Amino acid sequence: MWTTGVRALQYSFSTLQQTFRTMSTFKTALIQMSVGKNRDDNLENACKLIKKAAEAGACLISLPECFNSPYGTNFFDQYAESVPDGHTCKMLSEAAKDNEIYLVGGTFPEIKDNKFYNTCTVWNPLGEMIGKYSKMHLFDIDIPGGITFKESDILSAGNDLCMFDFHGTKIGIGICYDLRFEELAKLYRLNECKLIIYPAAFNMTTGPMHWELLQRGRALDNQLFIYCISPARGDKGYIAWGHSQVTDPWGKIIAQAGHEEEILLCDIDLSECDKIRQQIPIGKQRRTDVYDTIYKLK
């Protein structure tokens with residue numbers, strides 16, 4: 001009888017694993033948190049908000065760009081940490097494990113081989129790091145009367161894609177300015193991703209004009225979901241636009257935050273990607289005999 005009980009338990013666990021592997025409908029959370037100059041306070045606040053989001057039923061939780069420090073070229077070297085053994089990674093690992101969730105850990109400055117990167121890490125419910133992405137396109141812009149910013153003054157660019165498995169679905173990672181480059185999103189689409197997550201901190205000049213438009217364009221062009229997670233709007237230094245957003249494969253905004261600190265909860269059905277790709281099969285209709293998007297560093 002004991003053996004029968006063990007077999008039943010093994011069967012039940014196997015069935016549960018299969019259910020998780022094929023899960024397409026779930027609750028997600030985008031954490032639009034306030035960020036100050038004290039790293040420990042920022043990490044403590046992130047932990048609190050992650051726990052609250054998990055208690056609300058979210059199993060995939062995402063943090064914003066530069067969630068452990070202010071955003072600015074004069075801060076990156078001060079707050080930089082190594083991956084995965086730095087203080088911030090330890091917090092992210094513990095938060096993912098304690099809350100039994102998949103956690104896209106926003107971004108923070110990484111130091112590696114005496115270079116600095118704007119890096120996003122991804123963690124599974126066991127607290128294991130299952131992905132790392134460093135911002136590929138650095139934010140160097142000059143808009144007269146608007147904003148001038150040059151990340152390349154201190155940051156180095158990453159070269160690698162990052163995809164992770166979420167219960168049988170591929171999810172891609174980009175960071176903020178990467179959103180403007182359709183080729184990166186297309187590479188993820190060609191690798192069968194159904195969701196791209198961009199921790200991002202658009203500003204008060206580009207945010208009102210391009211924040212919604214770019215997300216809707218990337219989602220519609222590639223027939224997938226787009227998340228953009230912003231810090232909450234502050235009142236000093238670099239001021240983020242806020243308005244964290246979830247966009248569906250039709251290009252429709254299905255959830256959006258305001259500009260203050262907020263946990264944006266949203267129910268997602270990734271099978272919508274399959275339906276739309278069948279109804280409008282642009283993936284099969286691309287003229288790859290004429291043009292293509294190729295990842296050169298495979």
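Predicted model: local features only at pLDDT ≥ 70, side-chain atom pairs only at ≥ 80, totals over all residues.
**Exercise 1. Work out which residues of helix H6 are buried and what they pack against.**

Solution. Residues are numbered from 1 along each chain as its sequence is written, and side-chain values use heavy atoms, with hydrogens and water left out.

Step 1: the spacing can be read against a general rule. An α-helix has 3.6 residues a turn, so residues three or four places apart point the same way.

Step 2: the partners in contact (heavy atoms within 4.5 Å) with the buried residues of H6 are strands E7 (140–143), E12 (225–229) and E13 (245–247), together with helices H5 (182–190) and H7 (271–279). Helices (H or I, at least four residues) and strands (E, at least two) are DSSP runs, numbered from the N terminus.

**Exercise 2. Compare the span of H6 with the expected one, then state what follows the helix.**

Solution. Step 1: H6 covers residues 206–222, 17 residues in total. Step 4: after H6 comes Gln223, with a positive phi near 55 degrees.

**Exercise 3. Describe the surroundings of Gln32.**

Solution. Step 1: Gln32 belongs to strand E1 (residues 25–32). Step 2: Gln32 counts as buried because its relative accessibility is 0%. Step 3: leaving out residues up to four places away in sequence, Gln32 touches several residues, including Ser230, His243, Ala257 and Glu260. The C-alpha atoms of Gln32 and Ala257 are 7.9 Å apart, although 225 residues separate the two along the chain.

Step 3: the Gln32 side chain makes a polar contact of 2.8 Å with the side chain of Ser244. Such a contact is a pair of N or O atoms within 3.5 Å; within protein, one must be able to donate a hydrogen and the other to accept it, and residues adjacent in sequence count only if both atoms are side-chain atoms. Step 5: the side chain of Gln32 also reaches the backbone oxygen of Gly258, at 3.0 Å.

Methods:
Buried < 20%, exposed > 50% of the residue type's maximum accessible area, 1.4 Å probe, protein only. Expected span 1.5 Å × (residues − 1).
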